[in-house]
Amino acid sequence: AQLSCLARLLAAKNLTADFGSFPPDLLLFFHPSEVLAGTCREFYARASRGNLDLLPRGSSRRTRLLRGALTCLGVRGSRLEPQQLGSLGALVCDLEPGTIPASAPAILDNLKLCSALTGAQQDALNALLLTGDTAYGDPSSWDLRTLQDLGPLVLALNQTTLSLVAEAVREDFRRSVVAAYSSQGHSQREKSLILLRAFAAASAASQPRLKRSEDGCPFEPITADFVAFLTPEQLDLCLSNDFLRENLEAVLEEPLTVESSKILKKKVDQLFPSGIPEEQLKRLGVLFCLYTEQEIGQWSVTSSDTLLALLSASGGQCEDSQVQQLLSRYLALGGSLTGPLLREIGSERLCNLRVEQIQQIPAEAIGTAGQLDISLCSQTKKEQLYRKAQEAFASLASTPGSYYCRIQPYLGGAPAEDLKDLANAGVAINMDLDTFLALNPKELQKLSVTDVKNLLGENLPELKEAENEPLVVSWVKIQFQRELDCVLGIGLQGGLQEPTGTASPARPTTPASVTSTATVPTPARPTTPASVTSTATVPTPARPTTPASVTSTATVPTPARPTTPASVTSTATVPTPARPTTPASVTSTATVPTPARPTTPASVTSTATVPTPARPTT
């Protein structure tokens, strides 16, 4: 759909002429009307290299593409010349069967590009090969190299053609297919099995030694390497218990279909009606995956060798529930998980273990298991595995670099305290960003800006690239922006602003110095000087006209219009006195209001509130 949309967009903008810069898959979706006559040969030659399966066979778009190519190349009738074949490529796969024998023998190279041939096309192909007028010659002269050169066309060979190939050549080819089978993907394995059955049928037809035995088997004698040639029905007839007991491993090495494997399981169960002994369990290989959880729960799995043999032979093809049941049975019978077993279990299945099963893993097993990926584990299991890894690598704690390399896969379960220890180890950790983003989010929020800088080291700039990750966003929000700027300096934004300071006194006209720990009001209208010890609040006169010195951390209101000098020493914040005419000195630990309009000096040392007389005359 995307390619089709893109092709329409290019056509709308008249950009289809420069098709040489576009991938062949995209050209398959161009309309023939957009292909210029002067460049159509080059266009179809390039388009034919695309994945033709992107267009459904028989669809109007695919049919239109082939018709446009044939028109461009001037094809008339069924015969295709070598030059035309070179431009058609895989488009030949949609031609009528009669085109195959009518065209130049080079058409075989085009047919190798087809994902599948119809039955009629296969018949036409075999007819062409049987003429001997191809680069491969007569089938009777074929050798192993010839069969290999035919490539996917071997799948289309019928029994008539195969029967002409020498038996020794067929056997060599069969062995080469079997040798490659174990490393093939699922779809390729299916093709290999088709080949093996076809060759088996040809061998059965040409070998008089194969005859029906008394028990109904059409072949005898049976060998392990011949098992793959048998249908499930033939396998059931031909495979005796004695043969299977002696050759089970050899039989299981052959490429087998699921149906044939089920026949083998049935026969193994018949061999051991009272239950499979532990020494025989090691031989099951891929058959393990055919047993139910209930059946596995009855096995006697007490040896780590048995468990390892079953896990490794299954090749990861079993369901997680089957592996889980096998591990549960092993642990229930007193088994212990070792490093090699943990490797074989694999990271994903390790995370599927129950909490109590993880608790049974010895710390030394973590130490010998290599690096395990625990990213898919729950947080609880990550913390379990981290504690075990911490114990396993404790001897390396004095060398932070080596310790980090071993503990790194398990840091998703580490508490903030341990992460801070790593950050302040005095050695560059250079934690990679993936590990950082895999840390426990709750613990990451406890790390300071400096902690993060020390952990990431030379990888710190990468944090900027991950600034939109939820984990990074939430961490940034609780850091001071000034610290992010000054310590990290990578442009992270969104942090907290610094708290604002205390407002300065308003409209001062004269300097003042006050040292105080509280505000002490001073009594009004005293008639004689007084000495006051007070812990109360003392406002300081506002709008002074004579010099004073004020040092303050709290607000101290000052009486209005005093006429007597006063000196105040305070640690509070004091607004500057209003309109004093003489200096005043006050030493206080409280707030004391200064007298209004005094005519004689007063010295106040106070820890309590004492009113001072107002309007004195002496």
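1. A word on terms before we start: a residue counts as buried when its relative accessible area is under 20%. Please keep in mind that this is a predicted model.

2. Tryptophan 299 has a relative accessible area of 5%, so it is buried. Phenylalanine 288 is buried as well, at 0% relative accessibility.

3. How many aromatic pairs does the model hold? The count is six. In one of them, the ring centres of phenylalanine 288 and tryptophan 299 lie 5.9 Å apart with the planes at 50 degrees, so this pair is tilted. Phenylalanine 288 belongs to the loop between helix H16 (278-281) and helix H17 (293-296), while tryptophan 299 belongs to the loop between H17 and helix H18 (304-314), so the pair ties together parts 11 residues apart in sequence.

4. Elsewhere, Phe22, Phe30, Phe43 and Tyr44 form a cluster linked by ring pairs. Do look at tyrosine 291 too: the charged end of lysine 265 sits over its ring, 4.4 Å from the centre.

5. Now to the largest nonpolar core, which has 151 residues; Trp299, Leu337 and Leu463 touch the most other members. Domain 1 (1-133) and domain 2 (414-498) both contribute residues, so this core lies between them. As general background, nonpolar side chains in soluble globular proteins tend to be buried together.

6. Which residues does leucine 337 touch, leaving out those up to four places away in sequence? Among them are Leu307, Leu327, Tyr330, Leu331 and Leu342, and the list also includes Ile345, Leu353, Ile361, Pro362 and Ala365.

Key. Residues are numbered from 1 along each chain as its sequence is written. This is a predicted model: local features need pLDDT of at least 70, side-chain atom pairs count only at pLDDT 80 or more; totals for chains, interfaces and linings use all residues. Side-chain values use heavy atoms; hydrogens and water are left out. Rings of Phe, Tyr and Trp (its six-membered ring) pair if their centres lie within 6.5 Å; planes under 30 degrees apart count as stacked, over 60 as edge-to-face and the rest as tilted. Helices (H or I, at least four residues) and strands (E, at least two) are DSSP runs, numbered from the N terminus. Buried means under 20% relative accessible area, exposed over 50%, partly exposed in between (1.4 Å probe, protein chains only). A charge sits over a ring if NZ of Lys or CZ of Arg is within 6 Å of the ring centre and within 35 degrees of the ring normal. A nonpolar core is a set of buried Ala, Val, Leu, Ile, Met, Phe, Trp, Tyr and Cys residues joined through side-chain atoms within 4.5 Å. Domain bounds come from an automatic or database domain assignment. Contact means heavy atoms within 4.5 Å.
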